[in-house]
Amino acid sequence: MTHSINYQLICRKVQEIARETGNFIRGEREKISEKDVELKSVSSLVTYVDKTAESRIVAALRELIPDSGFITEEGTASHSNEKFRWIIDPLDGTTNFIHGIAPHSVSIALLEDDELVVGVVYEVGQNEMFYAWKGSSAYLNGKEIKVSPTSKIEDTLIGTGFPYYAFDRVDDYIAAMRYLMEHTRGLRRFGSAAVDLSYVAAGRFDGFFEHALHSWDVAAGVFILQQAGGKVSDFNGENNWLFGGEIVAASNNFFGEFYTVVHKHLGN
């Protein structure tokens with residue numbers, strides 16, 4: 001495929017797909033039981049809801065851009081360096097979903113070559129649609145969103161996640177969290193990196209950091225955050241956050257100080 005696409009139109013269609021998927025997930029919430037839960041690895045859970053949701057998303061996106069490839073959490077589709085590749089997490093926050101708590105979300109991003117051009121995160125519990133496309137601002141349910149203007153660490157609220165593998169870094173992680181506990185308004189761990197990043201985009205969180213992540217956890221949320229005026233890197237100030245498994249994200253105002261803290265404790 002060589003022709004150009006209308007990013008805004010694609011983004012609108014992806015929102016429709018995300019909302020339909022979210023409605024399916026919401027409808028299954030009361031039906032799910034422990035017998036439906038599979039263990040991918042320690043603390044990494046999956047259900048038929050994740051797999052069915054992903055299959056539906058892939059089928060719909062294939063119609064949208066027929067020659068596209070897919071980077072997916074549940075492996076229902078694949079890619080081989082197509083020009084357009086979708087990065088999909090059909091249910092980010094599966095453990096929350098299983099336990100009947102929010103947030104949990106549908107996360108869909110589009111790569112054109114190696115550039116993110118569309119990002120959609122639909123938080124199912126609060127019915128919140130975060131989205132952006134190449135050249136646009138970032139939006140939440142139709143209203144433009146911006147990152148927080150806060151620059152002083154003592155005025156910030158930080159999002160993070162607790163790793164469920166790669167436990168060899170736990171001591172360093174706890175040291176970083178301790179510093180932030182002592183110097184910020186607090187830490188929050190909601191269990192969906194896609195939502196955490198969207199919250200930074202909307203100015204609810206001032207920063208977010210986590211390691212042991214995958215591309216489908218962060219792709220859409222980061223793109224929305226960047227379009228809202230935010231900045232991201234890995235723990236060493238490089239650009240290897242999409243496939244490198246670690247991320248620091250904040251508003252431009254706060255990024256420098258926040259990155260310094262995270263790098264000190266978790267950088268190489």
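Helices here are DSSP runs of H or I with at least four residues, numbered from the N terminus. By that count, helix 5 is followed by Gly-203, whose phi is positive, near 80 degrees. The model on screen is predicted.

**Stop 1: helix 5.** Click through the buried residues, among them Asp-196, Ser-198 and Tyr-199.

**Stop 2: helices 1 and 2.** Next select residues 7–28 for helix 1 and residues 48–64 for helix 2. Two packed helices are described by the angle between their axes and the distance between the axes. In this pair the angle is about 160 degrees and the axes lie 10 Å apart. Because angles over 145 degrees count as roughly antiparallel, helix 1 is roughly antiparallel to helix 2. The crossing of helix 1 past helix 2 is right-handed.

Now show the side chains where the two helices meet. On helix 1, pick residues including Ile-10, Val-14, Ile-17 and Phe-24. On helix 2, pick residues including Val-49, Ala-53, Ile-57 and Leu-64. By class, this contact has 12 nonpolar, 2 polar and 3 charged residues.

**Stop 3: Val-248.** Finally, select strand 14, residues 246–251, and find Val-248 in it. Is Val-248 buried or exposed? Its relative accessible area is 0%, so Val-248 is buried. Display the residues that Val-248 touches, including Phe-208, Lys-231, Asp-234, Tyr-259 and Val-262. Then select Val-46, 202 residues away along the chain; its C-alpha atom is separated from that of Val-248 by 27 Å.

Note on methods. Residues numbered from 1 in each chain as written. Predicted model: local features only at pLDDT ≥ 70, side-chain atom pairs only at ≥ 80, totals over all residues. Heavy atoms only, no water. Axes fitted to C-alpha atoms, helices over the stretch in contact; angles between N-to-C directions. Parallel < 35°, antiparallel > 145°, perpendicular 65-115°, else oblique. Left-handed = near helix turned anticlockwise from the far one by under 90°. Contact = heavy atoms within 4.5 Å. Nonpolar A, V, L, I, M, F, W, Y, C, P; charged D, E, K, R; others polar. Buried < 20%, exposed > 50% of the residue type's maximum accessible area, 1.4 Å probe, protein only. Lists of a residue's contacts leave out its neighbours within four places in sequence.
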